[in-house]
Amino acid sequence: MLSKYAFLCLFPLLTVTSALAGPTLDQAVHSPERTPAFVARDAVRHPIEELTFFGLKPDAHVLEIWPSGGYWTQILAPYLHDHGTYTVALGPADLKKQAISKLQSERPDIYGRIKTTQFDGQHLDFAPANSVDLVLTFRNMHNWMEAGKAPEMLAAIHRVLKPGGILGIEDHRGNTTAPQDPMAKDGYVRQSYAIDLIQKAGFKLVGSSEINANPKDTANWPKGIWTLPPTYALGATDHAKYEAIGEGDNFVLKFQKVKD
């Protein structure tokens with residue numbers, strides 16, 4: 001039996017835990033509300049493991065850069081709905097704002113609190129300085145490199161993060177036997193190149209994960225990364241071959257904005 005003193009010490013912990021009650025990350029990932037095509041990719045994208053690796057918490061201010069089709073939006077929005085803040089930063093020609101608006105209008109109880117902002121080479125002041133706990137971006141760095149804006153965009157991300165805040169980044173890992181194309185036109189970024197570029201923006205590498213590694217991806221395909229699923233840029237040509245290879249080999253890196 002707990003002593004009176006032990007119970008009093010435990011009570012604040014119980015209060016905090018109950019205050020943050022809401023959908024767990026597991027519940028958010030396994031929600032029936034998610035698009036079936038997204039769910040089908042969970043086996044290769046490992047959303048629970050990746051978000052846990054990045055240190056996601058239910059009361060965090062999370063900003064996702066360029067949400068694409070909304071794979072992560074359908075997990076992050078419900079998870080952060082009650083106690084956190086979820087902001088999506090849209091790109092210059094990003095039509096996904098329409099997709100976000102559609103989600104908000106159809107299910108305001110789940111997606112009604114999503115905040116939006118614009119972020120690209122011409123919109124670098126996209127959030128207040130020192131305001132975000134966690135910035136996430138998935139398979140987008142090669143696009144910033146192609147636009148010639150990666151250093152500026154990484155510096156802008158560094159500015160909006162709180163001291164001690166985390167940048168979680170995933171992208172297609174380039175072959176280490178080939179030199180890095182500074183514009184990453186094939187969609188691949190050498191991991192060492194990415195680390196160097198991000199550290200030059202003021203970040204410290206604090207972790208890496210192989211949860212999305214695929215050794216079958218040799219990163220030298222006719223149509224770059226888009227040769228592989230889910231895009232299949234060659235159509236029916238060698239479809240079975242590329243299906244057997246699977247989605248690209250991806251690095252998963254965790255950086256921190258170092259406190260002064």
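**View 1. Pro 230 in the loop between strand 6 and helix 12 of the predicted model.** Pro 230 is placed in the loop that runs between strand 6 (203-209) and helix 12 (239-245). The peptide bond joining Pro 229 and Pro 230 is cis, with omega at about 10°. Most peptide bonds are trans.

**View 2. Ala 219, a buried residue with a positive phi.** Ala 219 belongs to the loop between strand 6 and helix 12. Its phi is positive, at about 60°, although Ala 219 is not a glycine. Most residues other than glycine have a negative phi. The relative accessible area of Ala 219 is 11%, and the residue is classed as buried because the cut-off for that class is under 20%.

**View 3. Asp 238, a partly exposed residue with a positive phi.** Asp 238 also lies in the loop between strand 6 and helix 12. Although Asp 238 is not a glycine, it has a positive phi of about 50°. With a relative accessibility of 43%, Asp 238 counts as partly exposed.

**View 4. Helix 5 and its buried residues.** Helix 5 spans residues 47-54, and Pro 47, Glu 50, Leu 51 and Phe 54 are buried there. These residues lie on the same side of helix 5 because they cover an arc of only 90° around the axis. The buried residues of helix 5 pack against helix 2 (25-29), helix 4 (42-45) and helix 6 (73-80). They also pack against strand 4 (132-138), strand 5 (161-172) and strand 7 (250-257).

Key: Residues numbered from 1 in each chain as written. Predicted model: local features only at pLDDT ≥ 70, side-chain atom pairs only at ≥ 80, totals over all residues. Heavy atoms only, no water. Buried < 20%, exposed > 50% of the residue type's maximum accessible area, 1.4 Å probe, protein only. Helix = DSSP H or I, 4+ residues; strand = E, 2+ residues; numbered from the N terminus. Arc of directions from axis to C-beta. Contact = heavy atoms within 4.5 Å.
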